[in-house]
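My entries follow in the order in which I looked things up.

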Amino acid sequence: YEYACERRELDAQKIHNFLLASSYSIVSKPQLADIIIFITCGIIEKNTEACLQYIKKYQKYGAQLIVGGCGPGIDKERIQAIHKGAMFTTSDMRALDSLFPDQAVPFSSIDDAPFKFSMLDKGIFGSIATKWFFAIPRVKPLFKKIVRLVLNTRFGPYSFVSLKAVGLDNEYYIKIADGCVSQCSYCALSNAIGPLKSKPIASCLAEFKRGLEQGYTNFYLTGDDTGAYGIDCGHTLPDVLEEITSVQGTYNLLISSFNSAWLCTYIDRIESLVANGRIKSMVIPVQSGNPEVLTAMNRFSDVATIKDAVTRIKKACPDIWLSTHIIVGFPTESDSAFYDTLTFATTTPFDEVQLFAFSLKPGTKAQDITPRISEASIAARMNKARDFFKKNKYTCYMHKTDFLYASQYRAPRL
């Protein structure tokens with residue numbers, strides 16, 4: 001995979017388990033493979049373009065190439081223009097049964113994976129290192145421990161930077177739902193992930209207890225639209241959280257993709273739930289601090305209510321890590337609306353803010369929204385945002401002008 005979110009990395013591990021159940025061997029490099037399954041991302045145009053290049057790259061190895069993930073659901077025609085082979089979408093991974101007719105166990109019988117697939121020749125523990133350095137006993141765990149200590153001290157143990165680079169010890173994923181009910185005007189993911197499909201509470205609870213019995217202590221509750229959990233089957237996210245947190249034991253919960261509309265809907269129950277200290281982290285994408293821009297995005301636009309909800313959560317549990325996402329340069333965003341967002345982000349008790357330069361995805365409703373902001377203006381705003389956060393004592397990291405990470409974490413004094 002390339003540019004995969006955690007949900008697609010979990011899907012990749014499930015596919016891995018499906019293939020192992022049918023006696024396939026997983027190799028570490030594409031040049032050793034008879035079959036290559038490439039999980040794509042199509043959330044923004046940059047990722048689509050990169051994935052198209054990777055498809056061309058993998059075609060050169062001569063193996064059978066199967067393209068999956070969100071790309072075939074979002075950019076099917078563009079992929080078919082360069083790839084004549086098999087494809088499957090995120091919402092229809094059961095198609096793997098027909099692609100592997102000799103499978104011993106149908107894909108639908110494979111449990112969701114509690115761990116993300118680890119590409120053997122990628123990342124911080126990449127191929128060169130694994131050939132010799134990390135082959136030395138105890139070197140890799142020690143190196144990982146040192147990296148974690150440095151990043152945790154700099155950014156915080158539940159920060160995006162730390163979790164992305166090295167994760168947590170004893171981490172276990174529970175995907176509580178697939179699909180999304182939101183219709184954000186900038187997003188084409190619904191074409192790939194499909195409608196909301198919540199996992200029964202009993203199944204979520206059983207997965208949690210299984211992980212707990214196996215000694216895991218850090219549990220991620222994830223989904224494409226986590227906050228919407230249960231509305232397709234008469235339940236809610238607080239329902240499943242109450243069931244899980246009623247279980248005795250030593251554990252932490254981390255909640256991803258908890259959109260602000262759902263947080264505000266359930267704030268009374270969520271406020272009570274976080275007070276017990278078991279929920280350590282929430283990712284609450286807001287996307288803008290300006291009501292008019294949020295309306296154009298087709299997102300919950302009551303900024304004052306969002307700010308109040310986040311403040312109540314932080315007051316109920318001061319140690320909880322709260323993160324948000326912001327889009328910079330969405331069509332119609334004026335300079336004043338941009339500064340509304342920066343002010344909102346720095347006056348609402350978020351521990352970290354991730355800012356993304358707006359990327360127009362063809363076929364979305366945003367394509368018809370004007371006026372558009374030029375790429376040069378968006379880049380300039382990203383630089384201004386960095387300066388704004390630095391002025392407010394945030395630690396910042398910026399990748400080109402596409403992504404800005406800002407954290408106000410301060411390591412405790414010893």
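I looked up tyrosine 173 and found that its bridge partner in β5 is tyrosine 220. This is a predicted model, and in it β3 and strand β5 (residues 218-223) run parallel and are joined by six bridges.

I then turned to the other pairing of β3, which is with strand β4 (residues 197-198), in the antiparallel sense and over two bridges. Here I noted that alanine 177 stands opposite serine 198 in β4.

My next entry concerns the rings, for which I noted a count of 28 aromatic pairs. For tyrosine 24 and phenylalanine 100 I wrote down ring centres 5.4 Å apart and planes at 85 degrees; because planes over 60 degrees apart count as edge-to-face, this pair is edge-to-face. The pair links distant parts of the chain, since tyrosine 24 lies in the loop between α1 (6-21) and β1 (35-40), and phenylalanine 100, 76 residues apart from it, lies in the loop between α5 (96-99) and α6 (127-132). Tyrosine 24 is partly exposed at 24% relative accessibility, whereas phenylalanine 100 is buried, with a relative accessible area of 3%.

Finally, I looked up tyrosine 251, which ring pairs link into a cluster with Phe115, Tyr172, Phe208, Tyr216 and Phe219. Over the ring of tyrosine 251 sits the charged end of arginine 278, 4.1 Å from the ring centre.

Note on methods. Residues are numbered from 1 along each chain as its sequence is written. This is a predicted model: local features need pLDDT of at least 70, side-chain atom pairs count only at pLDDT 80 or more; totals for chains, interfaces and linings use all residues. Side-chain values use heavy atoms; hydrogens and water are left out. Rings of Phe, Tyr and Trp (its six-membered ring) pair if their centres lie within 6.5 Å; planes under 30 degrees apart count as stacked, over 60 as edge-to-face and the rest as tilted. Helices (H or I, at least four residues) and strands (E, at least two) are DSSP runs, numbered from the N terminus. Buried means under 20% relative accessible area, exposed over 50%, partly exposed in between (1.4 Å probe, protein chains only). A charge sits over a ring if NZ of Lys or CZ of Arg is within 6 Å of the ring centre and within 35 degrees of the ring normal. Two strands pair if DSSP finds at least two bridges between them.
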